[in-house]
Amino acid sequence: QWILPSSTVLSGNDAWVGVDGGISNGVFIADHAAMRLEGVTVTAPDGSSVATEHGMQGQYRSTFDVHLTKPGTYRIANGFVGVNATWKLNGENGRYRGPASGLAAAVPAGATDVVSAPNATRLETYVTLGDTTTEIFKPTGEGIELVPVTHPNDLVAGEAATFKLIRNGQPYANADVTIARGGIRTLDDCRELVA
């Protein structure tokens, strides 16, 4: 899943940014499914919520606009917190993906081999109107979070950047992290990038 803003750094006192979102095998390549818009949140530099506008969900991508009216850095995010569950009933497999509060009602009476696990996803991008600010990077302390040390809207190609990976508010030591460049369509492209 990915979110791609039309711009990440804007000037002036008032601006709009268009955002595309999709689910695909390659980053920023709309070739599989549209991102659902129900979980999208936009947070202004002061922590207030900003409504998305002009939302549309197509076959391969979704799009919406965000009106930036306050100076600073905004977080545009999409996430889900819930559970995945599987079971057997009369020889048939069943499954549930949704909020934890709906699990008990979803599993039918008489189901066996019930297995459930928490599931959380977090997808974030940042856009800045005017000067960059950092208040938006305060971690929630829940789940796995990538906290910018180097401001993402100050990144320049070829320069080093630093991020902190935390889990439930604590440093996440010995985590295996992979960075994938956007626009990679084939396995050969990936091999060439790593070589």
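Is Val81 buried or exposed? Val81 counts as exposed, because its relative accessibility is 69%; exposed means over 50% relative accessible area, buried means under 20%, and partly exposed lies in between (1.4 Å probe, protein chains only).

Before going on, note that this is a predicted model, in which local features need pLDDT of at least 70 and side-chain atom pairs count only at pLDDT 80 or more, while totals for chains, interfaces and linings use all residues. Residues are numbered from 1 along each chain as its sequence is written, and side-chain values use heavy atoms, with hydrogens and water left out.

**Stop 1: Val81 and its contacts**

Stay on Val81, which is placed in strand S9 (residues 72–89). Strands here are DSSP runs of type E with at least two residues, numbered from the N terminus. Leaving out residues up to four places away in sequence, Val81 touches Asn119 and Ala120; contact means heavy atoms within 4.5 Å.

**Stop 2: Asn119, Arg97 and Phe80**

Select Asn119, found in strand S11 (residues 112–129). Asn119 is buried, with a relative accessible area of 16%. Apart from neighbours within four places in sequence, its contacts include Phe80, Val81 and Arg97. Show the side chains of Arg97 and Phe80: the charged end of Arg97 sits over the ring of Phe80, 4.3 Å from the ring centre. For this term, NZ of Lys or CZ of Arg must be within 6 Å of the ring centre and within 35 degrees of the ring normal.

**Stop 3: Thr125**

Move along strand S11 to Thr125. Thr125 is buried, at a relative accessible area of 14%. Not counting residues up to four places away in sequence, Thr125 touches Ile3, Pro5, Tyr74, Arg75 and Ile76.

**Stop 4: aromatic pairs**

How many aromatic pairs does the structure hold? The structure holds two. Rings of Phe, Tyr and Trp (its six-membered ring) pair if their centres lie within 6.5 Å; planes under 30 degrees apart count as stacked, over 60 as edge-to-face and the rest as tilted.

Select Trp2 and Phe28. Their ring centres are 5.8 Å apart and their planes stand at 80 degrees, so this pair is edge-to-face. Trp2 is in strand S1 (residues 2–5), and Phe28 is in the loop between strand S3 (15–23) and strand S4 (33–34), 26 residues apart. Trp2 counts as buried at 6% relative accessibility, whereas Phe28 counts as partly exposed at 38%.

Next select Tyr126 and Phe137. With centres 4.9 Å apart and planes at 90 degrees, this pair is also edge-to-face. Tyr126 lies in strand S11, and Phe137 in the loop between S11 and strand S12 (144–148). Tyr126 is buried, with a relative accessible area of 9%, and Phe137 is buried, with 9%.

**Stop 5: salt bridges**

The whole structure has four salt bridges; a salt bridge is a side-chain nitrogen of Lys or Arg within 4 Å of a carboxyl oxygen of Asp or Glu.

Select Arg61 and Asp20, whose closest N and O atoms are 2.9 Å apart. Arg61 is in the loop between strand S7 (52–57) and strand S8 (62–68), and Asp20 is in strand S3, 41 residues apart.

Finish with Arg122 and Glu145, which meet in a salt bridge (3.8 Å, N to O). Arg122 lies in strand S11 and Glu145 in strand S12, so the pair ties together parts that are 23 residues apart in sequence. Arg122 is partly exposed at 38% relative accessible area, while Glu145 is buried at 7%.

How values were computed:
Helix = DSSP H or I, 4+ residues; strand = E, 2+ residues; numbered from the N terminus.
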